[in-house]
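Here are a few exercises to work through with the viewer open. Try each task yourself before you read its solution.

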Amino acid sequence: MAEVVVIGCGVIGLSTALCLRENGLDARIVAAAPPEETTSAVAAAIWYPYKAYPEDAVLRWGSRAFEVFEGLAAVPGAGVRMREGFELRRYWAPEPWWSAAVPAVRRCDRDELPPGYRDGHAFVVPVIEMPVYLRYLQDRFAAAGGTVERRVVSDPDEMAGEAGVVVNCAGLGAGELVGDGSMGPIRGQILRVRNPGLDHFFLDEDDPEGVTYVVPRSGDCILGGTADEGSWTTEPDPEVAGAILRRCSALEPRLADAEVLEHRVGLRPGRPEVRLEMEDGHEVPLVHNYGHGGSGVTLSWGCAEEAAELVQNTL
Ligand SMILES: Cc1cc2nc3c(=O)[nH]c(=O)nc-3n(C[C@H](O)[C@H](O)[C@H](O)COP(=O)(O)OP(=O)(O)OC[C@H]3O[C@@H](n4cnc5c(N)ncnc54)[C@H](O)[C@@H]3O)c2cc1C
């Protein structure tokens, strides 16, 4: 019997299981889908708090994850890089509410603003290339002795007899797994295009046609996006893809002719608040770590460390 079983193999499950193992606990993972088939694999992924609550806890978890990612940017093969980018605004805007978590946030110079924008902030944050980073996490987990079993769990209590504590990192799947009716999908559609030489990211949350972002990575760029609350459709919509490409090309004209490599959709695990707590009343003690909305990567290490602490207190 393992000391801990973690349900889920996205960025939250992998980070949590890794923290547990590196703290000396015998933790293993059970997951319905492997990392490359999760929402985590679709993420852009910038350190940026988005559609995750409550703000004070998001700031605490996000600050801790920022520190860890800053360290990982120096680790070859981790897929993490510190990049400067711009949050663009159509009107004057105050400093972002999360700026205390980021070492330097400055107002954009006029010549940094694309046409149509009146304001914006520039900052350097971790950009995480998810296919590379998820592989790095898996390798580090395996090197620490961790194993991953592919299996659908229909009730956390079915793990009684297999683990001393269960940690629920099932993302959107937690809704069904523990009957949490407050969970819902926030659908995100993206395009992956060849990088035409960009080295800054752009974000525009206020575009009336939809949230718009451009995230350059080592060889490609992620272009987004959508944030459709309540939509379970995982097929990319060609019309939506065309609109994303138009909006992103208006921000950065070099994208207009970029080769399209892939279309993808991910369902963000939306919840009024991230659920990070111990729940009594099960056959086996149950710690929850799910509901990170559009910020699972941004909050991953902060939440993983707190979840590991809850497990250790329980054991
Ligand atoms: C287009 C897009 C862009 C994004 N950009 C960013 C960004 O820039 N920055 C950022 O921080 N975040 C971003 N996000 C959000 C981020 O991807 C999510 O918050 C994060 O991936 C959630 O991780 P997770 O591990 O909780 O869930 P998931 O990655 O969905 O993993 C859930 C795991 O649980 C398993 N599971 C579920 N149910 C069961 C079950 N019953 N039994 C066994 N296993 C089960 C699944 O198989 C899977 O392994 C983005 C998301 C999208 C879609």
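Predicted model: local features only at pLDDT ≥ 70, side-chain atom pairs only at ≥ 80, totals over all residues.

**Exercise 1. Work out whether the overall size of the protein agrees with a compact globule.**

Solution. Start with the inventory: six helices and 15 strands make up the secondary structure. Next, take the chain length of 315 residues, for which a compact globule would have a radius of gyration near 20 Å. The protein has 19 Å, which agrees. For the outline, the C-alpha atoms fill a box of roughly 60 × 40 × 35 Å along the principal axes. Finally, look inside: 47% of the 315 residues are buried. Of the contacts between residues at least 6 apart in sequence, 76% join residues at least 24 apart.

**Exercise 2. Check the length of helix 3 (residues 130–143), then find how its buried residues are arranged around the axis.**

Solution. Begin with the length. At 1.5 Å a residue, the 14 residues of helix 3 should span 20 Å, and the end C-alpha atoms lie 19 Å apart, which agrees. Now list the buried residues: Met130, Tyr133, Leu134, Tyr136, Leu137 and Phe141. Viewed down the axis of helix 3, these fall within an arc of 155°, so they line one face. The buried residues of helix 3 pack against helix 1, strand 3 (80–89) and strand 5 (119–128). On the face turned away from the buried side you find the exposed residues Asp139, Ala142 and Ala143. Just after helix 3, Gly145 has a positive phi of about 95°.

**Exercise 3. Describe the shell of residues around the ligand.**

Solution. Count by type first: 24 nonpolar, 18 polar and one charged. Of the 43 residues around the ligand, Gly10, Gly171, Gly173, Gly266 and Gly296 come nearest. Last, trace the elements: helix 1 (11–22), strand 2 (27–31), strand 8 (184–194), strand 13 (260–270) and helix 6 (296–314) each supply at least two residues of the shell.

Notes
Residues numbered from 1 in each chain as written. Near = placed C-beta within 6 Å. Helix = DSSP H or I, 4+ residues; strand = E, 2+ residues; numbered from the N terminus. Nonpolar A, V, L, I, M, F, W, Y, C, P; charged D, E, K, R; others polar. Rg over C-alpha atoms; globule rule 2.2 N^0.38 Å. Buried ≥ 20, exposed ≤ 12 C-beta atoms within 10 Å, placed from the backbone. Contact = placed C-beta atoms within 7 Å. Expected span 1.5 Å × (residues − 1). Arc of directions from axis to C-beta.
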